[in-house]
Amino acid sequence: MTVEVRQALRSDARDNRERILAVARLAFATDGLDVPIREIARRAQVGAATVYRHFPTKDALLAEAFAEQMTICSAILEEGLAQPDAWLGFRLVVEKLIETHAHDRGFARAFISQLPQEAGFATDRTRTLRMLAELVDRARTTGELRDDFVLEDLILALMANEGIRTDSTARRLAAARRFAAFMIQSFQTSPTRAPLPPAVRLPLLTP
């Protein structure tokens, strides 16, 4: 086998792997985590054996599909914890999580789904949730975050944000930013009623 042939095969394998991951992310985000491997293979236009060659189990595919989202989530939380003002850090995290979720429907699954306990993924998820708990504790000590706030309230916000449906990414992002402002006010002990981002006309309400 020539060097050119080996390189072509490696390139094909990489392309297949990336296509499988892209299809899997979209499928899990839109149809839930019960989408079978054969369906993912069909949408990726490869055989099921090809999927299993790259991902021996469905748990391995799930963990890899959501690894990037978990990395992004961790980076957002690190940015929030680095803020000198704990309440501003909390606000930044809520805004960025909701905005990122508007970009990527699969993003919230890293929070709200019972994803596989693959060693690396489980460690990253545990670390991310610990950072989120620390951020909440710090924001609560400022007196700005209401005492009865719990982590599940943020998960509820992400689940509600998933219901935003618009005809363009730009409109979805604008709606998500306004929704994030509403959520932050509801989490605050004494809302300052700062001006909200501009309203977005949703298709259901457009004459």
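**A close look at one residue and its surroundings**

A: T128 lies in helix 7, which spans residues 119-141 (a helix being a DSSP run of H or I, at least four residues, numbered from the N terminus). The model is predicted, so local features need pLDDT of at least 70 and side-chain atom pairs 80 or more, while totals for chains, interfaces and linings use all residues. Residues are numbered from 1 along each chain as its sequence is written, and side-chain values use heavy atoms, without hydrogens and water.

With a relative accessible area of 1%, T128 is buried (under 20%, for a 1.4 Å probe and protein chains only). Leaving aside residues up to four places away in sequence, T128 is in contact with M70, C73, S74 and L77 (heavy atoms within 4.5 Å).

Helix 4 covers residues 58-81 and packs against helix 5, residues 86-103, at an angle of about 160 degrees, their axes lying 8 Å apart (lines fitted to C-alpha atoms over the stretch in contact, with angles from 0 to 180 degrees between N-to-C directions). Helix 4 and helix 5 are therefore roughly antiparallel (over 145 degrees). From helix 4, I72, C73, I76, L77, E79 and G80 meet G89, L92, V93, K96, L97 and T100 of helix 5, and the residues of this contact divide into seven nonpolar, three polar and two charged (Ala, Val, Leu, Ile, Met, Phe, Trp, Tyr, Cys and Pro count as nonpolar, Asp, Glu, Lys and Arg as charged, and the others, Gly among them, as polar).

How values were computed
Helices (H or I, at least four residues) and strands (E, at least two) are DSSP runs, numbered from the N terminus. Buried means under 20% relative accessible area, exposed over 50%, partly exposed in between (1.4 Å probe, protein chains only). Angles under 35 degrees count as roughly parallel, over 145 as roughly antiparallel, 65 to 115 as roughly perpendicular and the rest as oblique.
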